[in-house]
Amino acid sequence: MAMKQHTAQTHGKSSRGLWITGFLGVVALLGSLSIAVSVGAIAVPLETVWGILVNKIAPKTVTIDWSAGREAIVWDIRLPRAILACFVGAGLAVVGASLQAVTRNPLADPHLLGISAGGAFGAILALLHTGLFIGLLTVPLLAFLGSLGATLIVLAVSQFASATSADRLVLAGVAVSFIVMSAANVLIFLGDPRATHTVVFWMLGGLGLAQWNQLIYPAVTLLGCGTYLWLKSGTLNAMTVGDETATTLGIPVARFRLTVFVIGALITGVMVAFSGIIGFVGLMIPHIVRLLVGGDYHRLLPVSALFGAVFLVWADIIARTIMAPDDMPIGIVTGLVGGVFFVWLLRRRIR
């Protein structure tokens, strides 16, 4: 009886902690979005930002005391950029957390496993060589195919080299990432020199090309794939224990791992298509979230998505303001932060 009461109390405290963490995360996200839309080369007061947003949602409910130029900056430029940062950060965090489960490796990340490099290869192929033969869907489609191809190559290399352990799978991913990026550089070299500067900047990561009519693609991808992964949280929990335990629970381990890799390639490919290569988000955020809500994937995935969105919004704020009026590629910011975090994580694992 006492054991049941203790378990119930522990579960209640854990649930309250999750709700508190989620609430604070939502508040942080809304505050971050407000600041992201407000700051920049031309500062816009927060009350003006909210006035513009309210007027767009419910016209003629507030007095318009701002210029058309400020409204264009807030609604047409900064808000879609901030929302894209949310989608990309959330998507990469969810992929990183899922890959860490199926590979049982805390260092797994779409960037380190070569998935981002494959997406970049496909996107560069579309931008410089094939053209938009099916319209706006061309870049996301080829980016997904590139990410999927890189994923399959990593799995094939790990099997060929008998590198089936978790650590060696990451090494295989790093090796494939170098090879794929070399191939992408060849595509850039052979492409139109006039477009090279834009593509190189895009490879370093950037959200400056965000548009309202394109946000539907990362939104639908994140919602659909993220929901599927969350519904499979119990299976992801079992995979973290080991293949043998998961098999005894009736889980088709090999098929589920491949499914997660394909879903990870889809999310990463679509995000890379609109943001370029942004590394280390999927590595850092799940580890930070585990310290707050534990390792249960029912909690880990949604909170990782929330914190990933907040992190990338702030990374974009830094990228836009540190060298204003010029934009620093956001991949530089996440690379610096992620590199330091990676060293800390290695040190922590050794200890």
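Predicted model: local features only at pLDDT ≥ 70, side-chain atom pairs only at ≥ 80, totals over all residues.

Student: How do you know that the structure holds 0 disulfides?

Tutor: A disulfide calls for a pair of cysteine sulfur atoms within 2.5 Å. Taken from the side of Cys225, the closest cysteine sulfur is that of Cys86 at 18 Å, too far for a bond, and the count of disulfides in the structure is therefore 0.

Student: What makes Cys86 count as buried?

Tutor: The term buried is used under 20% relative accessible area, and Cys86, at 9% relative accessibility, therefore counts as buried. Cys225 is judged by that cut-off too, and with 11% relative accessibility Cys225 counts as buried.

Student: Why is Ile267 called buried?

Tutor: The relative accessible area of Ile267 is 0%, and because the term applies under 20%, Ile267 is buried. This residue has its place in helix α11, and if neighbours within four places in sequence are left aside, Ile267 is in contact with Gly91, Val95, Thr221, Cys225 and Leu229.

Student: What makes Cys225 a contact of Ile267?

Tutor: Contact requires heavy atoms within 4.5 Å, and Cys225 is one of the residues listed for Ile267 on that basis. A C-alpha distance is another kind of value: Ile267 and Gly224 are 9.7 Å apart in space, C-alpha to C-alpha, and 43 residues apart in sequence.

Student: Which residues have the most contacts inside the largest nonpolar core?

Tutor: They are Ile124 and Leu236, in a core of 97 residues. Beyond its neighbours within four places in sequence, Ile124 is in contact with His129, Ala184, Leu187, Ile188, Val199, Trp202 and Met203. Another core lies apart from the largest one and has 8 residues, among them Val44, Val49, Trp66 and Leu79.

Student: How many residues line the largest pocket, and which are the closest to its centre?

Tutor: The largest pocket, with a volume of about 510 Å³, is lined by 23 residues, and the closest to its centre are Leu127, Trp202, Leu209, Ala273 and Phe274. The elements that give two or more residues to this lining are α4 (115-130), α5 (138-160), α7 (193-203) and α11 (253-275), and α7 gives the most, with 5 residues. By class, the lining has 17 nonpolar, 6 polar and no charged residues.

Technical notes: Residues numbered from 1 in each chain as written. Heavy atoms only, no water. Buried < 20%, exposed > 50% of the residue type's maximum accessible area, 1.4 Å probe, protein only. Core = buried A, V, L, I, M, F, W, Y, C linked by side-chain atoms within 4.5 Å. 1 Å grid on protein atoms, 1.4 Å probe; cavity = no way out; pocket = protein on both sides within 12 Å on 5 of 7 lines; lining within 4 Å. Points joined across faces, edges and corners; volume = space filled by probe spheres on them. Helix = DSSP H or I, 4+ residues; strand = E, 2+ residues; numbered from the N terminus. Nonpolar A, V, L, I, M, F, W, Y, C, P; charged D, E, K, R; others polar.
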